Amino acid sequence: CMPRLLLLSFVLAGVAIFIALRNGRQVVRPDFEVEAVPAVSANSEDSFRVGALGWNRFRGPNGFGVLDDTDIPLQWSSTENVAWSAALPGIGASSPVLTETRVFVTACEFERQSNGELAWIKRFVCCFERKSGTELWKKEIDGKLPEDPYRGMGLPEHGYATNTPVVDEKHVYAFLGKSGVYCFDMEGNEVWQRAVGQDSNPKGWGSCSSLILCGDSVIVNAAEESNTIFALDRITGETNWEVDSPSLNYAFSTPAVV
């Protein structure tokens, strides 16, 4: 029986290929052309000096995770190729983002009950001097409860400070899950704060999507919190537009502009 099934599979595959070729179609993977974009573009309204890296968002310019600088270390340890280190007020899985003179990163600390539910949670937005590692300022935000419980898959893997901030020439924007989106100026003064929902997806895996900038908007994938994508005004935090859809369930990825 098995040889006959195999033979039938080969015959059907051959017929499908023959029909596709006869109709002038080829079953091939599409070839996408990707044009490399420089880390800092003089013609871009978002252009600003961030040194050699230009790393102002998750995975760097346009989310490519690529930089042109070749003068970088390829290996390091706790002492080798380390310019400085600085203690954080809590744990986190977010990436640091840079300006020419500063480094920003988020962190959190929390206490959980025996069933995994949180008793309390605090989130932090931290700013360090890029050259020396000196802490310039730190903002502490009391997290909103209830939060997704710290148990099972998901949150024990990445925690409550996973969303990478994004920075422009005047502000740093941080997405803190159910605590909302915060905007601070370079001196640590709060400019605005916006709630984007406090729901949870059925798995309770927590929030991880990072912010991006597009024109005058901060784009927020709040699929975990409200099944909604928001475009918030950079200056005021008001909604420029929003789209909600049930299909955003389990959409944990960082948006891309195409």
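Is Asp142 buried or exposed? I looked this up in what is a predicted model. Asp142 counts as exposed, because its relative accessibility is 53% and the cut-off for exposed is over 50%.

**Entry: Asp142 and its partner.** I found a salt bridge between the side chains of Asp142 and Lys122, 2.8 Å from N to O. The two sit 20 residues apart, Asp142 in strand β4 and Lys122 in strand β3 (residues 118-129). I noted Lys122 as partly exposed, at a relative accessible area of 22%.

**Entry: salt bridges of Lys178.** I counted 8 salt bridges in the structure. Glu147 and Lys178 form one of them, with the closest N and O atoms 3.9 Å apart. This pair spans 31 residues, from the loop between β4 and α2 to the loop between β6 (171-175) and β7 (181-185). Lys178 also bridges to Asp148, at 3.1 Å from N to O; here the separation is 30 residues. I then traced a salt-bridge network that takes in Arg123, Glu147, Asp148, Lys178 and Glu224.

**Entry: Asp148.** I placed Asp148 in the loop between β4 (135-142) and α2 (155-158). Asp148 counts as buried because its relative accessibility is 3%. Its side chain makes a polar contact with that of Ser200 at 2.5 Å. Beyond its neighbours within four places in sequence, I listed its contacts, among them Leu155, Tyr160 and Gly206.

**Entry: cavities.** My search of the whole structure gave 3 cavities of 30 Å³ or more.

Technical notes:
Residues numbered from 1 in each chain as written. Predicted model: local features only at pLDDT ≥ 70, side-chain atom pairs only at ≥ 80, totals over all residues. Heavy atoms only, no water. 1 Å grid on protein atoms, 1.4 Å probe; cavity = no way out; pocket = protein on both sides within 12 Å on 5 of 7 lines; lining within 4 Å. Points joined across faces, edges and corners; volume = space filled by probe spheres on them. Helix = DSSP H or I, 4+ residues; strand = E, 2+ residues; numbered from the N terminus. Buried < 20%, exposed > 50% of the residue type's maximum accessible area, 1.4 Å probe, protein only. Polar contact = N/O pair within 3.5 Å; in protein donor to acceptor, adjacent residues only side chain to side chain. Contact = heavy atoms within 4.5 Å. Salt bridge = Lys/Arg side-chain N within 4 Å of Asp/Glu carboxyl O.
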